[in-house]
Amino acid sequence: MRIRLSRTPTVAVAVLAAVAALPVAAATADVPEPVPHTAPADHATYIVTVREEVDPAEVADRVDATPVHVYRTVLHGFSARLSPAQVEALREMQDVESVEEDGRAIGFGTGF
């Protein structure tokens with residue numbers, strides 16, 4: 001059995017590069033691309049919760065919003081900068097449970 005040492009490093013590098021790229025591709029596979037439209041910076045950021053059986057990104061797309069985050073575990077919805085018209089449209093949708101302006105949370109107690 002003869003082993004060609006000249007090809008071994010090239011093959012090893014190619015295999016390592018492919019393996020290194022796998023976790024990145026797998027981690028981003030479920031994240032939909034944001035819609036190209038973004039609301040102006042002067043629009044407030046809102047957190048929108050939708051019914052569990054509805055795709056949050058699809059709801060954002062219906063009002064031409066670009067999600068900052070899409071939530072699918074503890075919270076089912078998305079956050080986005082929204083115009084007043086988009087907020088009103090979302091509040092009228094039956095698939096939407098709530099539309100709340102994002103803000104700071106302040107905790108009280110014995111700090112951790």
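Let me begin with a definition: a residue is called buried under 20% relative accessible area, exposed over 50%, and partly exposed in between, using a 1.4 Å probe and protein chains only. What we are looking at is a predicted model, in which local features need pLDDT of at least 70 and side-chain atom pairs count only at pLDDT 80 or more, while totals for chains, interfaces and linings use all residues. Residues are numbered from 1 along each chain as its sequence is written, and side-chain values use heavy atoms, with hydrogens and water left out.

I will start with the charged pairs. Taking a salt bridge as a side-chain nitrogen of Lys or Arg within 4 Å of a carboxyl oxygen of Asp or Glu, a search of the whole structure returns five of them. One joins arginine 51 to glutamate 53, with the closest N and O atoms 2.5 Å apart; glutamate 53 is exposed, at a relative accessible area of 59%, whereas arginine 51 is partly exposed at 29%. Another joins arginine 62 to glutamate 58, with 3.0 Å between the closest N and O atoms, and because these two residues are four apart in helix 2, about one helical turn separates them. Helices here are DSSP runs of H or I with at least four residues, strands are runs of E with at least two, and both are numbered from the N terminus. Arg51, Glu53, Glu58 and Arg62, together with Asp95, are linked in a network of salt bridges.

Arginine 72 also pairs with aspartate 55, the closest N and O atoms being 3.1 Å apart, and this pair links distant parts of the chain, since arginine 72 lies in strand 2 and aspartate 55 in the loop between strand 1 and helix 2, 17 residues apart.

Now to the interior. If a nonpolar core is a set of buried Ala, Val, Leu, Ile, Met, Phe, Trp, Tyr and Cys residues joined through side-chain atoms within 4.5 Å, the largest one has 16 residues, and Val48, Val59 and Phe78 are among those with the most contacts inside it. Its largest share, three residues, comes from strand 1. Beyond its neighbours within four places in sequence, valine 59 is in contact (heavy atoms within 4.5 Å) with Val50, Val54, Phe78, Leu90, Met93 and Val96.

Finally, a backbone detail. Most residues other than glycine have a negative phi. Aspartate 64, although not a glycine, has a positive phi of about 60°, and this residue is found in the loop between helix 2 (56-62) and strand 2 (69-72).
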